[in-house]
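User: Can you walk me through this model? Start with the charge pairs, please.

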Amino acid sequence: REDVAETTRSSLKSKGDFFPLVSRTTGETLGVALQTTHDSRKPVFVSVGHRISPATARLLVTACATQARVPEPIRQADLRSREAIEPKGRQLPPASTSSASPSLLKPGEE
């Protein structure tokens, strides 16, 4: 864990920088640590999925990280889930829909 933290600080300087996360036992690339914004000090850890390579996963996450460190679909899901569970007396800022795809919009938002 400390190895990853040190590599993160020294390797990830600007948006799009990444380094592979490799299994010590098998040598297999399990994912990447990815810098999604220029000013974030914390990377996003991207792992491979079913029938997707580490390179494709990295490119997809980079393309989706438009407004924040976290990719936009995940950010929108988090904001909407917080709106759903928040007590009615206290309002959170509305989820941004300016760059959201139509499938992420609430009914009536277009």
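Analyst: There are two salt bridges in the structure, each a side-chain nitrogen of Lys or Arg within 4 Å of a carboxyl oxygen of Asp or Glu. This is a predicted model, where local features need pLDDT of at least 70, side-chain atom pairs count only at pLDDT 80 or more, and totals for chains, interfaces and linings use all residues. Residues are numbered from 1 along each chain as its sequence is written, and side-chain values use heavy atoms, with hydrogens and water left out.

User: Which residue does glutamate 72 meet in a salt bridge?

Analyst: Arginine 75, at 3.1 Å from N to O.

User: Glutamate 72 and arginine 75: buried or exposed?

Analyst: Both are buried. Buried means under 20% relative accessible area, exposed over 50%, and partly exposed in between (1.4 Å probe, protein chains only).

User: And what does aspartate 78 pair with?

Analyst: Aspartate 78 forms a salt bridge with arginine 82, with the closest N and O atoms 2.9 Å apart. Both lie in helix α3, four residues apart, about one turn of the helix. Aspartate 78 counts as partly exposed because its relative accessibility is 33%. Arginine 82 is partly exposed too, with a relative accessible area of 45%.

User: Switching to arginine 58. Where does it lie?

Analyst: In helix α2, residues 54-64. Arginine 58 is buried yet has no salt bridge. Aspartate 17 is the nearest side chain of opposite charge, 8.8 Å away. Here Lys and Arg count as positive and Asp and Glu as negative; His and the chain ends are not counted.

User: What does the charged end of arginine 58 sit over?

Analyst: The ring of phenylalanine 18, 3.9 Å from its centre. The rule is NZ of Lys or CZ of Arg within 6 Å of the ring centre and within 35 degrees of the ring normal.

User: Which residues does arginine 58 touch?

Analyst: Phe18, Val32, Leu34 and Val46, leaving out residues up to four places away in sequence. Contact means heavy atoms within 4.5 Å.

User: OK, strands now. How do β1 and β2 pair?

Analyst: Strand β1 (residues 18-22) and strand β2 (residues 29-34) pair in the antiparallel sense over five bridges. Two strands pair if DSSP finds at least two bridges between them. Phenylalanine 19 has alanine 33 as its bridge partner in β2. Proline 20 stands opposite valine 32 in β2.

User: What about the hairpin of β1 and β2?

Analyst: It has six residues between the strands, and glycine 27 there takes a positive phi near 80°.

User: How many bridges join β2 to β3?

Analyst: Four, and the two run antiparallel, with β3 covering residues 44-47. Valine 46 in β3 is the bridge partner of valine 32.

User: Which β3 side chains are buried?

Analyst: Val44 and Val46, which point to one face.

User: Where is leucine 21, and what does it touch?

Analyst: Leucine 21 lies in strand β1. Not counting residues up to four places away in sequence, leucine 21 touches Glu28, Thr29, Leu30, Gly31, Val32, Ala33 and Phe45. From leucine 21 to proline 54 is 9.7 Å, C-alpha to C-alpha, and they are 33 residues apart in sequence.

User: What is phi of arginine 51?

Analyst: Near 60°, a positive value in a residue other than glycine. Arginine 51 is in the loop between β3 and α2. At 79% relative accessibility, arginine 51 counts as exposed.

User: Last one, the overall chain. What pattern does it follow?

Analyst: Along the sequence it reads α-β-β-β-α-α, with three helices and three strands. The chain has 110 residues, and 25% of them count as buried. Among contacts between residues at least 6 apart in sequence, 30% join residues at least 24 apart.
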